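Here is a short report on side-chain pairing and helix packing. Please keep the sequence and the 3D view open while reading.

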Amino acid sequence: MNKVITGKQIRIWATDLRKNRMTGLIVLMVLLILILSLLRPDTFFSSTNLFNILKQASIVSIIAFGQTFIMVSGGIDLSVGYSLGLSGVIMAVMITAGFSPMLAILGGLGISCLIGLANGVIITQFKLPPFIVTLGLAKIARGIMYVLTRGYPIPVRDPFVIGVGNKYLGPFPIMSLIMLALFVVSAFVLGKTVFGLRTKAIGGNETAARLSGIKVTRHKIMLYVLTGLLCGIAGIIMAGRVNSGNPNSGVNFDLDSIAAVIVGGTAMSGGEGTVIGTLLGALILQIISNGLVLMNVSIYWQTIVAGVLIISVCALDSFSHSRNQA
């Protein structure tokens, strides 16, 4: 005999989904895939389109992994996009000047780590809001890029760098394999190590974390340097993908990374968050963007849809918290 699913059972199921964010994200992603596969069966499930989604999500995800650490600790980093761009530009400038590609890559990674170090030191030593400091560093990085390039992309012709951004290892894009490797490491560090526990403790209650013996200042600086390193890696990949150090390559990556982290369930107030949630958030946003492109929706409407989604997720999260606390 077939069971009849009642409205009460559906409401209980929906409540459980809200409480279990990971399950909810997976269900949302599956629903999006089913809807898009029905709307565009000829193109959505093609290998070219699926790998394009994965590649588009890879660079945002790498930056968002760092952003997750920062937001779990109660901060925010608005310099990630231009840190990414400056990393690629510095690498391109050094290769053009005759430096070896490996030294140029280290130079690109180094400048991003330096931006992260400056963020961490200024925030902790001058007690300034992360929003203001990282916005200022973003402006400085953007200015340096335009001074070095005069607004024009600097070509990168090194085969190794181009291969990182464009070639495949077997059936998989190399850039996506790098992203998956960084995902595993980031998820392990945040979820299974003392470093991750201290990050959550600082975001949950900074005063209590300090009184319990955690060196909060040093830990925060390390978090911003870690995020800078991830931005540097993403910048090298981006430069390889577009074959140039482009001063405009980091535009909007700051907001995209924050959106992925928020959709993935990291609390804006800090203390809670997972890297796997961030990865799912980045994939969901990219699937939505890809679906809108396949249906020939204007780029302007795509931006509006992304904004509505972020607000909806935050509202649902706030509603769930208020119901749980009631």
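## Charged pairs and a packed helix

R210 is partly exposed, with a relative accessible area of 41%. The model is a predicted one. R210 pairs with E206 in a salt bridge, at 2.9 Å from N to O. Both residues belong to helix α10 (residues 206-211). They sit four residues apart, about one turn of the helix. An α-helix has 3.6 residues a turn, so residues three or four places apart point the same way.

E206 is partly exposed too, at 30% relative accessibility. E206 also forms a salt bridge with K220, where the closest N and O atoms are 2.9 Å apart. This pair links distant parts of the chain: E206 is in helix α10 and K220 in helix α11, 14 residues apart. Shared partners join E206, R210 and K220 into one network. K220 is buried, with a relative accessible area of 16%; the cut-off for buried is under 20%.

The salt bridge count comes to three. One of them joins D42 and R40, with the closest N and O atoms 3.5 Å apart. D42 is exposed, at a relative accessible area of 54%. R40 is partly exposed, at 23%.

| Salt bridge | Closest N to O |
|---|---|
| D42 and R40 | 3.5 Å |
| K220 and E206 | 2.9 Å |

Now the helix. Helix α8 (residues 174-192) has 19 residues. Its first and last C-alpha atoms are 27 Å apart, close to the 27 Å expected at 1.5 Å a residue. Which residues of α8 are buried? They are M175, S176, M179, L182, F183, S186 and L190. Seen down the axis of α8, these buried residues fall within an arc of 120°, so they line one face of the helix. On the other side of α8, V184, V185 and K192 are exposed. The cover over the buried residues of α8 includes α3 (47-72), α9 (194-204) and α11 (216-242).

The whole structure holds five aromatic pairs. Among them, F65 and F183 form a tilted pair, 6.0 Å centre to centre with 45° between the planes. F65 lies in helix α3 and F183 in helix α8, so the pair ties together parts that are 118 residues apart in sequence. Both F65 and F183 are buried.

F69 and F195 form another tilted pair, at 6.4 Å and 50°. F69 lies in helix α3 and F195 in helix α9, so this pair ties together parts that are 126 residues apart in sequence. F69 is buried, at 1% relative accessible area. F195 is partly exposed, at 21%. Elsewhere, F51, Y168 and F172 form one aromatic cluster.

How values were computed:
Residues are numbered from 1 along each chain as its sequence is written. This is a predicted model: local features need pLDDT of at least 70, side-chain atom pairs count only at pLDDT 80 or more; totals for chains, interfaces and linings use all residues. Side-chain values use heavy atoms; hydrogens and water are left out. Helices (H or I, at least four residues) and strands (E, at least two) are DSSP runs, numbered from the N terminus. The expected span of a helix is 1.5 Å times one less than its number of residues. Buried means under 20% relative accessible area, exposed over 50%, partly exposed in between (1.4 Å probe, protein chains only). The arc is that of the directions from the helix axis to the C-beta atoms. Contact means heavy atoms within 4.5 Å. Rings of Phe, Tyr and Trp (its six-membered ring) pair if their centres lie within 6.5 Å; planes under 30 degrees apart count as stacked, over 60 as edge-to-face and the rest as tilted. A salt bridge is a side-chain nitrogen of Lys or Arg within 4 Å of a carboxyl oxygen of Asp or Glu.
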